[in-house]
Amino acid sequence: MIDESKDWRRHLSQKESLICFRLSLDMMKEERINLTEKEMMEVCGYKHMKSFKNHLSKLIEKGIIVIKKDEDYVDKPYCFDPDYVEYNEVGPRMYFRPLKNLQHTT
């Protein structure tokens, strides 16, 4: 039986959860988010980059979103950690798993 109280999504604010959900819809293979920062801000419904970057940085600190440098995707360095969100041809797959980095919870 799965203990949902340990699920990583329980450690996110409502805004962070919405960002994860929305960005997971634009994910490509290798869990890469197929949007630039400006596009990410716009699809998540933010009007100002500062507010969006604040929430994005919290997701990076928690290890849910990681930055992978790649010459082919210079303007799209953000990826989901596959332990939490994984690419699937049908749609994103989110797992019930505990957050690895608990010191950065909300």
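**Around Phe-80**

Q: What does Phe-80 touch, leaving out residues up to four places away in sequence?
A: In this predicted model, Phe-80 touches Cys-20, Leu-23, Ser-24, Met-27, Glu-31, Ile-33, Ile-64, Ile-65, Val-66 and Val-85.

Q: And how many residues has the largest nonpolar core?
A: That core has 22 residues, and Leu-23, Ile-64 and Phe-80 have the most contacts inside it. At least two of its residues come from each of α1 (14-24), α2 (37-43), α3 (49-61) and β2 (78-80).

Q: Let's look at α1. Which of its residues are buried?
A: Glu-16, Ile-19, Cys-20, Leu-23 and Ser-24. Looking down the helix axis, they fall within an arc of 120 degrees, so they line one face of α1.

Q: Why would residues three or four places apart point the same way?
A: Because an α-helix has 3.6 residues a turn.

Q: Nice. What's exposed on the other side of α1?
A: Gln-14 and Leu-18 are exposed there.

Q: And what covers the buried residues of α1?
A: The cover includes α2, α3, β1 (65-67), β2, β3 (85-86) and β4 (93-94).

Q: Is Cys-20 buried or exposed? What about Cys-44?
A: Cys-20 is buried, at 1% relative accessibility. Cys-44 is buried too, with a relative accessible area of 19%, and the cut-off for buried is under 20%.

Definitions and conventions
Residues are numbered from 1 along each chain as its sequence is written. This is a predicted model: local features need pLDDT of at least 70, side-chain atom pairs count only at pLDDT 80 or more; totals for chains, interfaces and linings use all residues. Side-chain values use heavy atoms; hydrogens and water are left out. A nonpolar core is a set of buried Ala, Val, Leu, Ile, Met, Phe, Trp, Tyr and Cys residues joined through side-chain atoms within 4.5 Å. Buried means under 20% relative accessible area, exposed over 50%, partly exposed in between (1.4 Å probe, protein chains only). Helices (H or I, at least four residues) and strands (E, at least two) are DSSP runs, numbered from the N terminus. Contact means heavy atoms within 4.5 Å. The arc is that of the directions from the helix axis to the C-beta atoms.
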